[in-house]
Amino acid sequence: MTILPAVSVRAAALGTVLFFAALCAASLSVGVSDLSTVDGTEALDTLLISRLPRTLAVILVGAGLAIAGLIMQTLARNRFVDPGIGGTEQSAAFGILLATLVWPAASILEKMVVATLTALAGTAAFLLLVRRLPPTQPYLMPLFGLIYGGVISAGVTFIAWQMDLLQYLDIWMNGDFSGVLRGRYELLWLAALLVALAWWFADALTIASLGKDASLGLGLDYERMVQAGLAAVALLSAMTVVVVGMIPFVGLIVPNLVSRLRGDNLRGSLPWVALGGAGLTLGCDVLGRLLRYPYEIPIGTILGTVGAALALWLLAERHERG
Amino acid sequence: MIEIEGVSLSHRGTPILHEVSLALPKGELTALIGPNGAGKSSLLSVVARLQPLQSGSVAVDGLPVDRTPSRELARMLTIMRQDTGFAGRLTVRELVGFGRFPHSRGRLTDEDRERIDEALALFDLTALAGRDLGTLSGGQRQRAFVAMAFCQGTDYLLLDEPLNNLDMMYARQMMRLLRKVVDRRGRTVVIVLHDINYAAAYADRIVAMKDGRIVAHGPPNDVLTVGRLEQLYGYRMQVHRIDGRTMIRHHD
């Protein structure tokens with residue numbers, strides 16, 4: 001396939017930015033309390049304490065997960081993995097469960113540290129295991145990842161069931177932004193830092209996608225790149241699971257879509273991956289707030305549905321192109 | 001000068017290289033020949049520090065490859081491995097531009113851009129510069145990867161089977177280009193070749209390998225003899241001299 005002509009790319013870019021701005025406005029205005037009917041200070045309070053933090057949290061999580069997916073795809077050299085497929089998020093959930101069990105008084109930050117460590121271990125094990133898969137069979141890796149994540153998730157469920165913590169578990173397993181308020185999401189700003197870092201190292205990441213030999217030949221310390229990338233993926237996933245719970249598919253779909261439109265030179269395309277992740281997540285969050293208004297459908301459910309459809313389309317399209 | 005001293009290599013108990021020692025002078029085109037599994041690619045990998053050194057030593061211009069910072073080596077020596085299997089959405093120009101990474105760390109300067117244009121022109125890729133690698137033929141992609149290695153601007157170019165996928169016209173053009181790179185620019189090219197006639201026609205020096213050892217080493221006419229070739233490949237070939245050139249008939 002050829003990259004789309006410049007004019008339509010520019011139009012698509014402008015469209016994306018405008019659409020994103022509209023989504024932000026929608027996210028700030030949609031909610032149970034109608035901002036136009038309450039008086040000024042109350043409206044401002046609602047905006048600052050609830051709506052704005054929620055919108056920011058969605059943007060940070062969406063951008064962070066899309067970048068985590070991109071990094072993971074680069075490290076695994078396979079377009080069909082992301083932190084949800086490959087056990088990262090499930091391992092993070094295991095970490096939170098562990099922290100809750102052995103250290104009940106742990107703060108959210110401390111839980112995140114534990115979750116990051118287990119996510120790191122889970123993802124590193126995944127990447128080690130998939131090295132044995134034949135590179136000629138790209139679909140084996142996501143298949144293996146789904147089973148791998150499923151096994152971890154089953155283990156987590158079993159322990160939670162034994163310890164009578166199943167209700168808690170649901171909070172981490174199905175992402176939901178409805179609990180986000182000022183003071184409860186600020187940890188997520190770390191995602192902005194990591195996205196910026198990823199952009200700083202965009203050229204090195206693109207070279208890493210050419211493989212270990214090409215990276216070494218160009219003087220890149222490949223092992224250190226892999227370690228840094230793993231750490232970023234684990235951190236991004238862990239903070240998401242700790243603050244809002246698992247969110248599927250963003251890391252899988254967005255890098256694939258952007259690759260089609262903007263190519264794989266990450267210096268140019270990485271900002272679009274971040275923006276696309278934020279846009280998709282925000283769109284699904286607003287949808288979840290509107291569909292059963294004034295009730296909410298958790299974003300994990302919405303993205304599970306929308307994401308599955310998009311992922312199937314991506315797979316079918318790729319198959320057609322051979 | 002590339003100095004290889006007593007290099008042995010094994011992979012999971014299988015020996016690949018046995019006590020290989022070799023000195024390759026600067027400014028020459030050296031061809032590595034030998035049957036499949038002789039250890040030619042492994043030797044290139046060790047010299048280019050893609051494989052960690054298990055025993056022995058390798059030095060490029062006096063710098064040991066296992067102790068010199070990788071970034072510094074990347075400005076002295078480049079390696080192109082056999083098809084990397086990458087078919088992502090990078091344009092030819094972007095790929096060739098990554099050859100400049102050791103110099104500019106991704107922030108291309110005007111000089112970098114000039115070098116990229118030069119490499120594209122040299123390898124007949126200017127018209128393909130904006131094309132996606134995934135849309136190219138195997139031969140075009142091969143040329144793009146060699147152009148990237150050239151664009152790295154190093155004194156030493158190690159190329160693992162750069163004639164893969166090339167038709168006769170482009171294979172000849174590639175060898176002539178490499179010859180030019182050596183003669184006019186004083187670069188050093190070490191290349192793995194399967195077609196011994198290309199080695200006979202273009203190399204200054206041939207290193208013949210078998211079973212992880214160097215069997216013969218010297219100018220083409222000394223190495224490409226009936227006896228040596230039979231020892232290497234296990235069957236008799238006819239070695240002819242036509243117009244003062246060595247031609248090997250290796251098929252019936």
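In which sense do strand 1 and strand 2 of chain B pair, and over how many bridges? I looked this up first: strand 1 (residues 2–11) and strand 2 of chain B pair in the antiparallel sense over seven bridges. I count two strands as paired if DSSP finds at least two bridges between them. Helices (H or I, at least four residues) and strands (E, at least two) are DSSP runs, numbered from the N terminus.

A note on the ground rules. The model is predicted, so to speak a computed one: local features need pLDDT of at least 70, side-chain atom pairs count only at pLDDT 80 or more, and totals for chains, interfaces and linings use all residues. Residues are numbered from 1 along each chain as its sequence is written, chains are lettered from A and ligands numbered from 1 in the order in which they are written, and side-chain values use heavy atoms, with hydrogens and water left out.

**Chain B, the open sheet**

I stayed with strand 2 of chain B and found B:Thr14 there as the bridge partner of B:His11. The open sheet has four strands in the order 2-1-4-5, with antiparallel pairing. Strand 2 (14–24) and strand 5 (63–64) of chain B stand at the edges with a single partner strand each, so one side of each has no neighbour in the sheet.

**Chain B, strand 3**

Next I checked strand 3 (residues 29–33) of chain B, and five of its five residues are buried (under 20% relative accessible area, with exposed over 50% and partly exposed in between, 1.4 Å probe, protein chains only). B:Leu29, B:Ala31 and B:Ile33 point one way, while B:Thr30 and B:Leu32 point the other way. Strand 3 of chain B pairs in the parallel sense with strand 8 (residues 188–192) over four bridges, and B:Thr30 stands opposite B:Val190 there. Strand 3 of chain B also pairs in the parallel sense with strand 9 (residues 205–210), over four bridges, where B:Leu32 faces B:Val207.

**Chain A, two helices**

I then turned to helix 2 (residues 40–76) and helix 7 (residues 189–200) of chain A, whose axes come within 9 Å and cross at roughly 40°. The axes are lines fitted to C-alpha atoms, for helices over the stretch in contact, and angles run from 0 to 180 degrees between N-to-C directions. Among the residues that meet are A:Leu56 and A:Ile67 in helix 2 and A:Trp189 and A:Val195 in helix 7 of chain A (contact means heavy atoms within 4.5 Å).

**Chain A, one leucine**

Last, I looked at A:Leu23 in helix 1 (residues 6–29) of chain A. A:Leu23 counts as buried because its relative accessibility is 10%.
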